[in-house]
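Have the sequence and the coordinates open as you read.

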2 protein chains.
Amino acid sequence: MNINIKDYAISESKPIKISSIDTKYEGKIEKEEGFKLFEELVAKLAKLQALLYADGSKSLLVVLQAMDAAGKDSTIRKVFGPVNPQGCKVVSFKNPNSIELAHDFLWRIHQNVPRHGHIGVFNRSYYEDVLIVKVKNLAPKEIVNKRYNHINAFESLLTDEGTKIVKFFLHISKDYQKDRLQERLDTPEKLWKFTTSDIQERSRWEDYQNAYETVFEKCSSPKNPWYIVPAERKWFRNLLVAKVLVETLESMDLKYPKAQFDPKDIVIP
Amino acid sequence: MNINIKDYAISESKPIKISSIDTKYEGKIEKEEGFKLFEELVAKLAKLQALLYADGSKSLLVVLQAMDAAGKDSTIRKVFGPVNPQGCKVVSFKNPNSIELAHDFLWRIHQNVPRHGHIGVFNRSYYEDVLIVKVKNLAPKEIVNKRYNHINAFESLLTDEGTKIVKFFLHISKDYQKDRLQERLDTPEKLWKFTTSDIQERSRWEDYQNAYETVFEKCSSPKNPWYIVPAERKWFRNLLVAKVLVETLESMDLKYPKAQFDPKDIVIP
């Protein structure tokens, strides 16, 4: 397959201009071939998840971030749909409640990290605490500024204790968002997803893009890279996410546990 | 009062020999005066806890570590007994269960940190993950070695987000422990606290002392010092712990929230 996931990874701390990164895949793979490749990858993903579960000593945490209407929900449905839900939990982080706000910003997050053997998918995440919180001044600046280091330390903790983290940013343009939001307004079954606050958030588009650039600069490393996913062709978005997940799981050295007995010695009575 | 809490604090990273630190207070305060001072301090502590609760923007986390039979339970009963339990929660960390073991070592800890306005007391803590876990090889050495940094990062997170941490080591000699364990064997109401594993742990006394020395060297800072409490005179042990807590709370700049109205304008109908 003509995709090198490294082309989409940010693996080191350096300034980045996301406006210079494509939001639309323009490579050689055709849509039809892409669908076929995706089906193969999703089948592999389901098998690897079963192996992760059996291995039981490691876990995978998938962090999904994006501007509104970029397709987070649909990515989750498409990519994780075929995965056994017994070993896969999706957690959506909405506005923190009063008990959550009475603790550090990672308190509610840490409770929801996947146990060993499981995949955890974060639909939005602790990164919101340096994105919306920063853009809308929901916490003092000096507290927000310290959070990048706290995030890196938290990710190191998880990594060192057996949780592999993969972070995706579904990258779209402001025009694409407009079309998607209009689609929600025009489609009765999608209307429930629209709120007037979407318009307010959209008006801060540049602030959000800048906040994301700071995240990518401060919170990327070889062990815990960000993947910037061109998300305006849905089939490619899903394909790239699935490919990264498969390659990540394949790199985790997962094994079926050795039996403590010789199966030949066992006679089922 | 003739006690300077700084004399008992380890506030920087440096090698330390705890066998050279007194386990028994031999200063100028007499027991009777000590009792009187303690009563005053505990009354102050109760008032400061009410202020912490009203302020509602910060919390206090008290970490209590010691060898077996050094008096952790009795310290908690004496010092925190008079504090309003609505704003004070004691959490004892025993052997981790299977779900806890399937997560990083700070997962069960983080869930139990105090919310703002509250005092949390940890009877044993995440430090066990570099003490008993290290001494008894319950996790791979290379994982344990990374935990000191993870602990420091975790404490920085809590500190930066509003939780003050105070760490106490109740310091006793091996002879003193022998007397206390014998007392448990000889006293029907204390016998339940004795287990044969106490003898096993006691046989590793030196290993534990060394593991504690590493903790004090690697996890002490001006913001999050360890206090080494000479614990063989119970009245002084309680006195020093109460004094550190009172001075810590006094340093936290706690305030009753300003009323959003003028009380004179309010007429109760």
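## Starting at a histidine

Let's begin with His103(B), which sits in the loop between H3 and H4 of chain B (helices are DSSP runs of H or I with at least four residues, strands are E runs of at least two, both numbered from the N terminus). His103(B) has 9% relative accessibility, so it counts as buried; here buried means under 20% relative accessible area, exposed means over 50%, and partly exposed is what lies in between, using a 1.4 Å probe and protein chains only. Its side chain reaches the backbone oxygen of Ile99(B) at 2.8 Å.

What does His103(B) touch, leaving out residues up to four places away in sequence? The answer is Val113(A), Pro114(A), Arg115(A) and His116(A), where contact means heavy atoms within 4.5 Å.

## Ground rules

This is a predicted model, so local features need pLDDT of at least 70 and side-chain atom pairs count only at pLDDT 80 or more, while totals for chains, interfaces and linings use all residues. Residues are numbered from 1 along each chain as its sequence is written, chains are lettered from A and ligands numbered from 1 in the order in which they are written, and side-chain values use heavy atoms, with hydrogens and water left out.

## Where the two chains meet

On the chain B side, 25 residues are in contact with 25 residues of chain A. The buried area between the two chains comes to about 2200 Å², with carbon and sulfur atoms giving 56% of it; that's the accessible area (1.4 Å probe) that two parts lose on being put together, summed over both. In chain B, the residues that lose the most area to chain A are Asp104(B), His110(B) and Glu161(B), together 25% of what that side buries.

Now for the polar side of things. Across this interface there are 19 residue pairs in polar contact, both partners at pLDDT 80 or more. A polar contact is a pair of N or O atoms within 3.5 Å; within protein, one must be able to donate a hydrogen and the other to accept it, and residues adjacent in sequence count only if both atoms are side-chain atoms. Helix H3 (98-101), helix H4 (107-110) and helix H6 (141-160) of chain B each supply at least two residues of the side that touches chain A. H6(B) gives the most, with nine residues. By type, that side of chain B divides into 12 nonpolar, seven polar and six charged residues (Ala, Val, Leu, Ile, Met, Phe, Trp, Tyr, Cys and Pro are nonpolar, Asp, Glu, Lys and Arg are charged, and the others, Gly among them, are polar).

## Salt bridges, between and within chains

The whole structure has 36 salt bridges over all chains, each one a side-chain nitrogen of Lys or Arg within 4 Å of a carboxyl oxygen of Asp or Glu. How many cross the interface of chain B and chain A? Four do. One of them pairs Arg147(B) with Glu161(A), 2.8 Å from N to O. Lys146(B) also bridges to Asp160(A), with the closest N and O atoms 3.6 Å apart. Lys146(B) lies in helix H6 of chain B and Asp160(A) in helix H6 (residues 141-160) of chain A, so this pair joins two chains. Lys146(B) is partly exposed, at 38% relative accessibility.

Inside chain B, Lys136(B) meets Glu201(B), closest N and O atoms 2.9 Å apart. Lys136(B) is in the loop between helix H5 (132-135) and H6, and Glu201(B) is in helix H8 (residues 197-203), so the bridge ties together parts that are 65 residues apart in sequence. Lys136(B) is partly exposed at 29%, whereas Glu201(B) is buried at 11%. Arg108(B) bridges to Glu100(B) at 3.3 Å; Arg108(B) is buried, at 11%, and Glu100(B) is partly exposed, at 22%. Over in chain A, a network of salt bridges links Asp68(A), Arg124(A) and Glu128(A).

## A helix in the packing of chain B

Helix H2 (residues 72-80) of chain B has Lys72(B), Ser74(B), Thr75(B), Ile76(B), Val79(B) and Phe80(B) buried. What do the buried residues of H2(B) pack against? Their partners are helix H1 (31-55), strands E2 (59-66), E3 (88-92), E4 (119-123) and E5 (163-171), and helix H10 (234-250) of chain B.

## Chain A overall

Chain A has 10 helices and six strands. Its radius of gyration is 20 Å, close to the 18 Å that the globule rule gives for 269 residues, so chain A is as compact as a globular protein of that length (the radius is taken over C-alpha atoms, and the rule is 2.2 Å times the number of residues to the power 0.38). Buried residues make up 51% of the chain A total of 269.
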